[in-house]
Number of protein chains: 2
Amino acid sequence: MATSAEFSFRAWTAGILPLFEAKLLAQFANARPDLLVEACRYPLQTGGKRVRPLLAFGAAEAIGGSAQAALDVAVAVELLHTYSLVHDDLPCMDNDDERRGRPTVHKVYGDGVAVLVGDALLTEAFAVLADAGRAGALVRELAAAGGASGMIAGQAYDVGMDGPIADVERLRLLHRAKTGALIRGAVRLGAIAAGAGDAHLEQLTRYAEEVGLAFQVHDDVLDADQDNKPGGPPSFVKLLGLDGARAVARGHMQAALDALVGLPRPEPLAAIAVYTVERSV
Amino acid sequence: MATSAEFSFRAWTAGILPLFEAKLLAQFANARPDLLVEACRYPLQTGGKRVRPLLAFGAAEAIGGSAQAALDVAVAVELLHTYSLVHDDLPCMDNDDERRGRPTVHKVYGDGVAVLVGDALLTEAFAVLADAGRAGALVRELAAAGGASGMIAGQAYDVGMDGPIADVERLRLLHRAKTGALIRGAVRLGAIAAGAGDAHLEQLTRYAEEVGLAFQVHDDVLDADQDNKPGGPPSFVKLLGLDGARAVARGHMQAALDALVGLPRPEPLAAIAVYTVERSV
C-alpha cells in the first residue's frame, strides 16, 4: 500500500519485518524442556499483521530515529500481545479453538501448558527490555500498558467485572484499556527507545490513542455480521449502526493523522493509520 | 527463633515485615475496576511465611547493606511467587480449592478472573523493579528466576512435559527449577539491590541453591503422609525414605551455612537456613 509517490508501506515493512521475525523466534533459547520451547514459539509463528511492532518501528522513525532502535521494544510488545491472546483463548476465558485458522495453544498442548506458555511469554517480554538501554523507563511503560491499569483492566471490563457495557462511552473505556493501552504502549516504547523528548512523546501519544480507537471501531465493522447477533458482545456497530461506526473510525483515523503534523518522518505511522480503517482482516 | 545470644530471628522479622506488608498491599493503587483491585490483593493477604522476601532482606544485610535496600525486590519476588500459586491452583493445573485454609482465587472470583489476577501480579512484579535503581539488572534476574529457564521450566517438568520423574537426580532438577530458581533469585536480587560485588554474589548464590534444596526436601518430609500414597507426586521421601530425606535436608542446610562463612552479617540468612529444616508448616 503506497500513501504517496515517495513512500511505500509495503517496501518499508519488507525492510523491517524479517529482522523482527528472526529476533522474535530466537527467544526462549535458554528455556527448557524442549516441548515448552516449542509450545512458547508456536503462537509466535502466526503470520499475524504485527501491527504493534510496526507502530513501535514507525514511532522510532517518526521522531527521526532508526527503526532498528525499536527492535527490542517491538519484540517485547509482540510477546506481551501474544501472551494476552493465549490466555484469552483459554476455555475459562473466550474459549476459542482456532486463531488465524490454526488450533489455539490449549487445543494443541492442553490448558495447563497454555497457562504456562502465556506466563512465559509475559515474563520474556520484560526479559527482552532488561537488555535494552533505558530499561527502567521501558519496563515501567510496558507494565503500565499491559497491567491492571491497562490491558488487564480492559479484560476485566470485558468479562463484566464492572457491570454491563451498554453505551458508547463505556465501550470506549473498555477498548481504551483492552486494546488501546498496548497500542499506546507500542508507540511510546518505540519513541522512548529512539530517544524521544517530551513534546514528541506527547504528540505521538495523541496519535496512538486515536489509532487505537480507529483500529477497534474498524474491527467491529469487520465483525459486524456476528456482533449484530442478539446476545453477542457489545460493539460500536450495535450502538452506532454500520455507517455510524464507519464514520467514527474514519474520524479517529483523521485525528491520528493530524497528530503527526510537524514530525520529522511521519510517513510510516500515517500509512499505519490509513491501514487501520482500510484493512479487510 | 534465636540462633545465638546476640541475634533474634523473631525480632529481626518483626522489624522488617510490617513495612514489607504495607508496601505489598499498597500495590495496584492505579488498577481498575475496583473488583479487580480487590481480587489482586486477595491472595497477597495470606499470613504466609514470606520466606522469599526474608531471603532478599537477609541477603542485603549479609553483605553489610540495610534490609531497606531490598524492599522493592522483596515485594517483586513475593508478587511473582503469589502469581505462580494463583495459576498453579487453577482447575487446569493442580486444581486446589484451598490455600492456607482460605478458598483459592478461582473459587472466590472464577477461573477467568484468576488467570487475569495471576497475569496482573506477574506484571506488577516487574513494574515494582522499574522504579528501583539498577532496573535492568534486577529485571534480568527476576525474569531468569521466574521464566521458561527457571520456575516455569520447573512447572513444565512437574506437569510431565519431559517425561516421568523417577529418580533423585531428576527430582532435584525439577525442584532446582520449580522452587529453587525463585529462592536463588530472591537472594541474588536482595544482594544486587544492596550493591553486592561478584564474590559476595557468588557466595550467596551457593547459599541460595543449598537452602532451596533443603526447603524442598523438608517440604517432602512434612508432606510424607500424603506423598507416600501410591500414585502421588514424586518426592524425596518416596525415593530416599523418611530418615534418608531428613538427612539430605540437614546436609543441604549445613552446606548453606558453610557458604555464609566470612560475610559481614550472616546471622539472618543463617537463621533462615536453620528454619527451613526445623519448621513444622
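1. The model is predicted, and the points below should be read accordingly. A:Pro33 sits in the loop that links α1 (9-25) to α2 of chain A.

2. B:Pro33 belongs to the loop between α1 (9-25) and α2 (34-41) of chain B.

3. Most residues other than glycine have a negative phi. A:Arg50, in the loop between α2 and α3 of chain A, has a positive phi near 55 degrees. Is A:Arg50 buried or exposed? A residue is taken as buried when 20 or more other C-beta atoms lie within 10 Å of its own; A:Arg50 has 21 such neighbours inside 10 Å and therefore counts as buried.

4. The second case is A:Arg134, whose phi is positive, at about 55 degrees, although the residue is not a glycine. A:Arg134 is placed in the loop between α6 and α7 of chain A. Because A:Arg134 has 17 C-beta neighbours inside 10 Å, it counts as partly exposed.

5. Turning to helix packing, α3 (residues 51-62) and α14 (residues 267-278) of chain A pack at an angle of about 145 degrees, and their axes are 7 Å apart. On the α3(A) side the contact includes A:Leu54, A:Leu55 and A:Phe57, while α14(A) contributes A:Pro268, A:Leu269 and A:Ile272. By class, this contact has 8 nonpolar, 1 polar and 1 charged residues.

6. A further helix pair in chain A is α10 (residues 198-222) with α13 (residues 242-259), packed at about 160 degrees with axes 8 Å apart. Angles over 145 degrees count as roughly antiparallel, and α10(A) and α13(A) are therefore roughly antiparallel to each other. Their crossing is left-handed. Among the residues making the contact are A:Tyr207, A:Val211, A:Leu213 and A:Val217 of α10(A), together with A:Leu242, A:Val248, A:His252 and A:Met253 of α13(A). The contact divides into 14 nonpolar, 3 polar and 4 charged residues.

7. How are the two chains related? Chain A can be laid on chain B with an RMSD of 0.0 Å by a turn of 180 degrees, with a shift of 0.0 Å along the axis. That is the relation of a two-fold axis.

8. The contact between the chains involves 44 residues of chain A and 44 residues of chain B. On the chain A side, the elements giving two or more residues are α2 (34-41), α6 (111-130), α7 (135-146) and α8 (151-158). Which element supplies the largest share of that side? The largest share, 14 residues, comes from α6(A). The side of chain A that touches chain B divides into 28 nonpolar, 9 polar and 7 charged residues.

9. A last point concerns the surfaces used by the two copies. Of the interface residues of chain A, 100% are also interface residues in chain B, so the copies meet through the same surface.

Definitions and conventions: Residues are numbered from 1 along each chain as its sequence is written. Chains are lettered from A and ligands numbered from 1 in the order in which they are written. This is a predicted model: local features need pLDDT of at least 70, side-chain atom pairs count only at pLDDT 80 or more; totals for chains, interfaces and linings use all residues. Copies are superposed by least squares on the C-alpha atoms of residues with pLDDT of at least 70 in both. Two residues are in contact if their C-beta atoms, placed from the backbone, lie within 7 Å. Helices (H or I, at least four residues) and strands (E, at least two) are DSSP runs, numbered from the N terminus. Ala, Val, Leu, Ile, Met, Phe, Trp, Tyr, Cys and Pro count as nonpolar, Asp, Glu, Lys and Arg as charged, and the others, Gly among them, as polar. Axes are lines fitted to C-alpha atoms, for helices over the stretch in contact, and angles run from 0 to 180 degrees between N-to-C directions. Angles under 35 degrees count as roughly parallel, over 145 as roughly antiparallel, 65 to 115 as roughly perpendicular and the rest as oblique. A crossing is left-handed if the near helix is turned anticlockwise from the far one by less than a right angle, and right-handed if clockwise. A residue is buried if 20 or more other C-beta atoms lie within 10 Å of its own, exposed if 12 or fewer, and partly exposed in between; C-beta atoms are placed from the backbone.
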